[in-house]
Amino acid sequence: MTTTTSTLVDHHATARRPWAALAGVALAALIVVVGNTNVDKGAGDNGGTGPMIVTGIVCLVAAAVIYFWALSRVQRPNRAALWYGIAAVVSLPVFWSGITPILAATSVGLLAESPARSRGAAIAAAGACVATVLAIIGAVSP
């Protein structure tokens, strides 16, 4: 009788690991709060308490869907890390939404859980981290 060894990771464990989710949500909260309170209404800037609350709720819902539903269905963590990293970079034009750090943390978390890390996924995760830094800079700059 032969046994085969699988290289699959327990992806349900990935969805339950809180460090990536907490980092993504915390950075999203920073962007949403600072981006909506650091506004000059006289200059025509958008923002305020109402938009901050709505955007914050959207970020929490997006993070919940990603971390509690989507990650539990991932079969190939390298490929998922690549696509979440690309999505984080692509989301940079809407940095004020706070979604960039959530996607970046997802990419980094998947890459950390992956048994065999590909170069493309690592580059995408690094790009996602750079996009998060740029999103924070965009939110805090006047």
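This is a predicted model: local features need pLDDT of at least 70, side-chain atom pairs count only at pLDDT 80 or more; totals for chains, interfaces and linings use all residues.

Reader: Which residues of α2 are buried, and how wide an arc do they cover around the axis?

Author: The general idea is that an α-helix has 3.6 residues a turn, so residues three or four places apart point the same way. In α2 the buried residues are A20, A21, G24, A28, I31, V32 and N36. Their arc around the axis is only 105°, which puts them on the same side of α2. On the face turned away from that buried side, α2 carries the exposed residues L22 and T37. The cover over the buried residues of α2 includes α3 (49-70), α5 (99-113) and α6 (119-140).

Reader: Where is N46 placed, and is N46 buried or exposed?

Author: N46 lies in the loop between α2 and α3, and its relative accessible area of 69% makes it exposed, since the cut-off for that word is over 50%. N46 and N36 are 10 residues apart along the chain, and their C-alpha atoms are separated by 7.5 Å.

Reader: How should I read the packing of α3 and α5, and at what angle do they pack?

Author: Two packed helices are described by the angle between their axes and the distance between the axes. For α3 and α5 the angle is about 15° and the axes are 10 Å apart; these two helices are therefore roughly parallel to each other, and their crossing is right-handed. The residues that meet are C59, A62, A63, I66 and Y67 from α3, and I99, I102, L103, A105 and T106 from α5.

Reader: How many of the residues of α5 are buried?

Author: Of the 15 residues in α5, 13 are buried, so this helix is largely enclosed by the rest of the structure. From its first C-alpha to its last α5 reaches 21 Å, close to the 21 Å expected at 1.5 Å a residue.

Reader: What are the angle and the distance between the axes when α5 packs with α6?

Author: Here the angle is about 150° and the axes of α5 and α6 lie 9 Å apart, and the two helices are therefore roughly antiparallel to each other. The crossing of α5 past α6 is left-handed. On the α5 side, the contact is made by T100, P101, A104, S107, V108 and L111, while the residues from α6 include A121, A125, A128, T132 and A135.

Reader: Which residues of α6 are buried, and what do they pack against?

Author: The length comes first again: the 22 residues of α6 should span 32 Å at 1.5 Å a residue, and its end C-alpha atoms are 32 Å apart, which agrees. The buried residues are A121, A124, A125, A128, A131, T132, A135 and A139. Seen down the axis of α6, they fall within an arc of 115°, so they line one face of the helix. These buried residues pack against α2, α4 (77-90) and α5, whereas the face turned away from them carries the exposed residues R119 and I123.

Reader: How many helices and strands does the chain have?

Author: The chain comes to 6 helices and 0 strands, and 39% of its 142 residues are buried. Of the contacts between residues at least 6 apart in sequence, 75% join residues at least 24 apart.

Note on methods:
Residues are numbered from 1 along each chain as its sequence is written. Side-chain values use heavy atoms; hydrogens and water are left out. Buried means under 20% relative accessible area, exposed over 50%, partly exposed in between (1.4 Å probe, protein chains only). Helices (H or I, at least four residues) and strands (E, at least two) are DSSP runs, numbered from the N terminus. The arc is that of the directions from the helix axis to the C-beta atoms. Contact means heavy atoms within 4.5 Å. Axes are lines fitted to C-alpha atoms, for helices over the stretch in contact, and angles run from 0 to 180 degrees between N-to-C directions. Angles under 35 degrees count as roughly parallel, over 145 as roughly antiparallel, 65 to 115 as roughly perpendicular and the rest as oblique. A crossing is left-handed if the near helix is turned anticlockwise from the far one by less than a right angle, and right-handed if clockwise. The expected span of a helix is 1.5 Å times one less than its number of residues.
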